[in-house]
Amino acid sequence: MEGRVYNFSAGPAMLPEPVLKQAAAEMLNCGGSGMSVMEMSHRSKDFEAILDSAEADLRELMGIPQNYHVLFLQGGGCTQFAMVPMNLMRNRTADYIVSGQWSKKASAEARLFGQVNIIASSEGENFSRVPDLSNLPVSPDADYVYLCQNETIHGTTIRQIPDTKGKPLAADISSMFLSEPLDVSRYGLLFAGAQKNAGPAGVTVVIIRDDLVREDVLPGTPTMMRYKTHADTHSLYNTPPCWGIYICGLVFKWLKELGGLTAMRERNEKKAALLYQFLDRSGLFHGTVRKQDRSLMNVPFLTGDKALDDKFVAESEAAGLRNLKGHRSVGGMRASLYNAVPYEAVEKLLAFMEKFEKENG
Ligand SMILES: *Cc1c(COP(=O)(O)O)cnc(C)c1O
């Protein structure tokens with residue numbers, strides 16, 4: 001294979017080419033330090049500058065209010081499934097909205113720590129839509145309400161932040177992080193594993209309102225699992241994922257140069273519309289999600305014939321369109337259209353799908 005492929009992976013996913021080129025150019029000597037980021041002390045001035053500008057750029061991009069901490073942690077999204085209850089479940093009760101595999105997993109993990117109420121679920125509809133979130137039966141003693149705003153596997157997005165009746169909202173935004181503007185002040189806590197839309201695996205960004213960073217966590221919560229440990233030390237309690245933070249920082253600068261999250265939303269809407277409009281008019285392929293809940297980031301689709309789906313995946317791979325196979329739990333195909341996936345990649349995919357439909361329709 002010469003050159004780069006069109007990579008539609010759900011994660012780890014495509015990174016912007018200018019970012020990869022800059023990282024390559026700085027590999028042996030980053031910022032005049034005479035060493036790579038991977039070789040730097042995390043307590044050095046050089047790395048401190050990388051960490052500080054990553055945080056400042058993220059705050060600017062997302063409009064993060066001053067009363068929120070930004071933490072760069074490890075352990076991926078899945079570790080947050082435990083950290084959220086360990087830190088926030090003071091009454092040992094929480095309400096979960098289950099709209100796909102990731103929120104379902106998170107609710108199961110929270111059960112290790114206390115009472116979990118599923119206050120809305122679309123599992124009965126195979127997660128092909130977002131459940132009705134109007135007038136949620138929020139429990140009076142719930143410590144927080146949890147949701148996954150973009151379900152990566154099923155390709156749904158919660159467009160309207162529900163009324164949580166005064167309870168803090170904890171949200172997994174891993175697969176829509178930085179894809180469009182969000183009003184951070186509506187949330188108590190947001191988290192995202194970087195490898196979907198912001199950087200390499202190994203760094204997880206947590207944005208948490210300061211009143212939720214507390215001493216009185218569940219008994220037995222390890223030091224490393226307390227948000228306070230990391231908030232008090234500016235993510236430098238122990239060695240942070242330095243390389244991941246550096247790449248995320250380069251991605252944040254790339255996003256700023258492109259006009260920030262409003263510009264990203266426009267780009268992402270254009271890319272997704274191209275594919276969804278084709279799915280709506282195709283006689284062979286169809287989308288799996290109710291229209292108003294469709295994700296801009298993850299687009300699952302099927303032919304309805306398993307053998308034909310397999311043929312599509314095999315032939316698309318050979319044509320340089322990679323990672324279009326759907327998640328093993330859903331089958332079919334899925335195209336992830338994260339920020340770094342260019343419009344041209346979707347045009348190429350469309351041309352391939354049209355050709356495949358002519359030959360197999
Ligand atoms: C990928 C993903 C996760 C899991 O992230 P890890 O970093 O692999 O633990 C959690 N939530 C969502 C929405 C995801 O897309």
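Helices (H or I, at least four residues) and strands (E, at least two) are DSSP runs, numbered from the N terminus. The model is predicted: local features need pLDDT of at least 70, side-chain atom pairs count only at pLDDT 80 or more, and totals for chains, interfaces and linings use all residues. Residues are numbered from 1 along each chain as its sequence is written, and side-chain values use heavy atoms, with hydrogens and water left out.

**The sheet**

- Seven strands form an open sheet with mixed pairing, in the order β2-β10-β9-β8-β5-β3-β4; two strands pair if DSSP finds at least two bridges between them.
- The edges are held by β2 (68–73) and β4 (115–121), each with a single partner strand, so one side of each has no neighbour in the sheet.
- From one strand to the next, the twist averages 20 degrees; axes are lines fitted to C-alpha atoms, for helices over the stretch in contact, and angles run from 0 to 180 degrees between N-to-C directions.
- Six bridges join β3 (residues 93–98) to β4 in the parallel sense, and aspartate 95 has asparagine 117 of β4 as its bridge partner.

**Strand β8 and its partners**

- β5 and β8 run parallel and are joined by four bridges; tyrosine 146 has alanine 170 of β8 as its bridge partner.
- Three bridges pair β8 with β9, also in the parallel sense, and alanine 170 stands opposite leucine 189 in β9.
- In a regular strand the side chains alternate between the two faces of the sheet.
- Both faces of β8 are covered, with Leu169 and Ala171 buried on one side and Ala170 and Asp172 buried on the other; buried means under 20% relative accessible area, exposed over 50%, and partly exposed in between (1.4 Å probe, protein chains only).

- Glycine 63 follows α2 and has a positive phi, near 60 degrees.
- Helix α3 (residues 76–88) lies across β2, β3, β5 (145–148), β8 (169–172), β9 and β10, and runs at about 160 degrees to β9.

**Glutamate 180**

- Glutamate 180 is found in the loop between β8 and β9 and counts as buried, at 8% relative accessibility.
- Its side chain makes a polar contact of 3.2 Å with the side chain of arginine 159; such a contact is a pair of N or O atoms within 3.5 Å, where within protein one must be able to donate a hydrogen and the other to accept it, and residues adjacent in sequence count only if both atoms are side-chain atoms.
- Leaving aside neighbours within four places in sequence, glutamate 180 is in contact with Arg159, Leu261, Arg265 and Leu296.

**Cysteines**

- The whole structure contains zero disulfides, a disulfide being a pair of cysteine sulfur atoms within 2.5 Å.
- Cysteine 78 is in no disulfide, and the nearest cysteine sulfur, that of cysteine 148, is 11 Å away.
- Cysteine 78 is partly exposed, with a relative accessible area of 41%, whereas cysteine 148 is buried, at 1%.

Technical notes. Contact means heavy atoms within 4.5 Å.
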